[in-house]
Amino acid sequence: MSASVNHLEERIRDEADPLLEIMPAAITLAMMLRHRKMAAWLRVEFEGYSEGESLPPYRCEIPGHIMAKYPQYGWIPAPVDEQQNLDFGCVDLSEGVKVAERVCMNCKKGTGNQITLSPERLALLRSQINQTGDLAITISRVSYCKMLRIIRSAVYLWSLELIELGLAGDHNSFKETDKVKAAHLDDPAVFWRRAMEEEADLPIPDVRSSGFFERMFGRTG
């Protein structure tokens, strides 16, 4: 098992390299450096958060659009007022990178992903707008991209700090002195908080859209 901080940093800046394929390499690197907090954060971001588990702020209260399904029109914006949209139109995104990035890649630009309301919230909203049909929230592709950019940016900032410490190059293992030197970087919250503020100015690519054949048959090569 080997790891290269430089290679990780390069992959993060490469638009053709999906985050879902980068994350396992980042987890391996964190484990080799004995960065247990970073490895744990990377794993839960990759796999997804459990129900009831505390979410970081970049995953909370993501605004969406409440949609209603009508037999004659299909899905169209629901007849809700501004307050109802505030009360019911925001969701917390708990799915992992390996799900969220595929959702984002498979969404055409300008579209989004539809999320079902919980039975309790569905019943309450139906009673308020006198709607008996299906209701759902559409989260835009842009919102998914924003969340994924923050995660990707956090890993990027972590890799830069490691390079700055002189841990560049290919490693099968790290010396004990290197692990001690890098111990203060085992704090994912520092990096995702920085990422929330700095991601717009970092060389981090947006999630690309899959082409028709890739959506049908998956990536090749």
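**View 1. The search for disulfides across the whole structure comes up with zero.** A disulfide is counted when two cysteine sulfur atoms lie within 2.5 Å. In this predicted model, local features need pLDDT of at least 70 and side-chain atom pairs count only at pLDDT 80 or more, while totals for chains, interfaces and linings use all residues. Residues are numbered from 1 along each chain as its sequence is written, and side-chain values use heavy atoms, with hydrogens and water left out.

View 2. Cysteine 107 is in no disulfide either, with the sulfur of cysteine 104 nearest at 6.5 Å. Cysteine 107 is buried at 9% relative accessibility, whereas cysteine 60 is partly exposed at 27% (buried means under 20% relative accessible area, exposed over 50%, partly exposed in between, with a 1.4 Å probe and protein chains only).

**View 3. Four strands make an open sheet in the order β4-β3-β7-β6, with antiparallel pairing.** Strands are DSSP runs of E with at least two residues, helices are runs of H or I with at least four, and both are numbered from the N terminus; two strands pair if DSSP finds at least two bridges between them. The edge strands, β4 and β6 (112-116), each pair on one side only.

**View 4. Here is β3 (residues 65-70) with its partner β4 (residues 74-77).** Four bridges hold this antiparallel pair, and a hairpin of three residues joins the two strands. Tyrosine 70 stands opposite glycine 74 of β4.
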